[in-house]
Amino acid sequence: QHGGQANARAGGAENFWPFLARTKVSDSFMGYWTNVVTIGLAAVAAACVSVERGGIVELKLSDHTVSFVHLFSLCVSLGTQIWVTFVSGITLFKALPRQMFGQVQSKMFPRFFRLTFLVQSLVAATLYRVHGDDALGGNRDEFARLGSVLASVVAVALNLLLIGPKTSQVMFARRKLEKDLGLSEKDGKAPVSDDPRWKALSKKFGMFHGISSLLNLVSILAGLAYLSLSADRFQL
């Protein structure tokens, strides 16, 4: 009985936080520990880079090193997001069958979210190291720059930990139901069914996929906003 209650509690946690689930679905997001390690690395890196002196963590870095890490991380973040969203994703969608496209995306997007989360954490940390006091001290320009970076980080974190895994979870559930119902693609068109279970899963998938796409777009726009706010500070 106690084991059943424990499993029920675990199942409830996994339904709300699907990245915790150790199932075939979560394998596409490489499971619980990979996300834990990703978050841990981002936290340690951000702590080491953002603290200039004093406190628990202290890492002495030259101004050149901090600027290089900041610009490199920003370039990787925006470049990866723009490529995956507007080039790779659209090309794969047009070139691959529906199920194969979903399978590829379920493998690629977890890595995409992890990479952008890591580098955006470094962007935020290096910015805070140099301008954190000004941003928190009433300087509106610096506050806007830091706020735009943090908005981008939060959007990616939500996709990494909650919305992305949930989208993949629902997609695989719908695929399994389609197999059980004997549905398949015809002439490259997605199967359609009057089964209420299929309709419910399709509606849920559309909702989570839409939220995930919106979060990705918010992250890109926030990154571009930061770039625009910082453009006058970069010297060629």
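**Figure 1. Helix α4 provides the largest share of the lining of the largest cavity, namely 3 residues.** The view comes from a predicted model, in which local features need pLDDT of at least 70 and side-chain atom pairs count only at pLDDT 80 or more, while totals for chains, interfaces and linings use all residues. Residues are numbered from 1 along each chain as its sequence is written, and side-chain values use heavy atoms, with hydrogens and water left out. The structure holds 1 cavity of 30 Å³ or more, where a cavity is a set of points on a 1 Å grid over the protein atoms alone at which a 1.4 Å probe fits but cannot get out. The volume of the largest cavity is about 70 Å³, a volume being the space filled by probe spheres set on the grid points, which are joined across faces, edges and corners. Its lining, made of residues with an atom within 4 Å of a point, consists of Leu-74, Ser-77, Leu-78, Gln-120, Val-123, Val-149, Ser-152, Gly-223 and Tyr-226. Two or more of these residues come from each of α4, α5, α6 (140-181) and α7 (196-230). By class, the lining of the largest cavity has 5 nonpolar, 4 polar and no charged residues; here Ala, Val, Leu, Ile, Met, Phe, Trp, Tyr, Cys and Pro count as nonpolar, Asp, Glu, Lys and Arg as charged, and the others, Gly among them, as polar.

**Figure 2. Leu-74 and Leu-78 take part in the lining of the largest cavity.** Leu-74 belongs to helix α4, and Leu-78 also lies in helix α4. With a relative accessible area of 8%, Leu-74 is buried, and for Leu-78, likewise buried, the relative accessible area is 8% (buried means under 20%, exposed over 50% and partly exposed in between, with a 1.4 Å probe and protein chains only). Although Leu-74 and Tyr-226 are 152 residues apart along the chain, their C-alpha atoms are separated by 9.6 Å. Leu-78 and Thr-116, which are 38 residues apart in sequence, have C-alpha atoms 8.3 Å apart in space.

**Figure 3. The largest pocket has a volume of about 780 Å³.** Of the 30 residues that line this pocket, Phe-101, Gln-105, Phe-109, Phe-205 and His-209 are the closest to its centre; a pocket is an open set of grid points with protein on both sides within 12 Å along at least five of seven lines. Helix α5 gives the largest share of the lining of the largest pocket, 9 residues, and α4, α5, α6 and α7 each supply at least two. The lining of the largest pocket divides into 12 nonpolar, 14 polar and 4 charged residues.

**Figure 4. Phe-109, a residue of helix α5, is among the residues closest to the centre of the largest pocket.** Its relative accessible area is 21%, so Phe-109 counts as partly exposed. The C-alpha atoms of Phe-109 and Gly-164 are separated by 7.9 Å, while the two residues are 55 apart along the chain.

**Figure 5. Helix α4 (residues 63-95) packs with helix α5 (residues 98-136).** The angle between them is about 155° and their axes are 8 Å apart, so α4 is roughly antiparallel to α5. The contact of α4 with α5 is formed by 18 nonpolar, 11 polar and 1 charged residues. Axes are lines fitted to C-alpha atoms, for helices over the stretch in contact, and angles run from 0 to 180 degrees between N-to-C directions; angles under 35 degrees count as roughly parallel, over 145 as roughly antiparallel, 65 to 115 as roughly perpendicular and the rest as oblique.

**Figure 6. Helix α5 also packs with α6.** The axes of α5 and α6 are 8 Å apart, at an angle of about 165°, and these two helices are therefore roughly antiparallel to each other. In the contact of α5 with α6 there are 18 nonpolar, 12 polar and 8 charged residues.

**Figure 7. The axes of α4 and α7 come within 10 Å.** They cross at roughly 140°, and α4 and α7 are therefore oblique to each other. Of the 236 residues of the protein chain, 39% count as buried.

Technical notes. Helix = DSSP H or I, 4+ residues; strand = E, 2+ residues; numbered from the N terminus.
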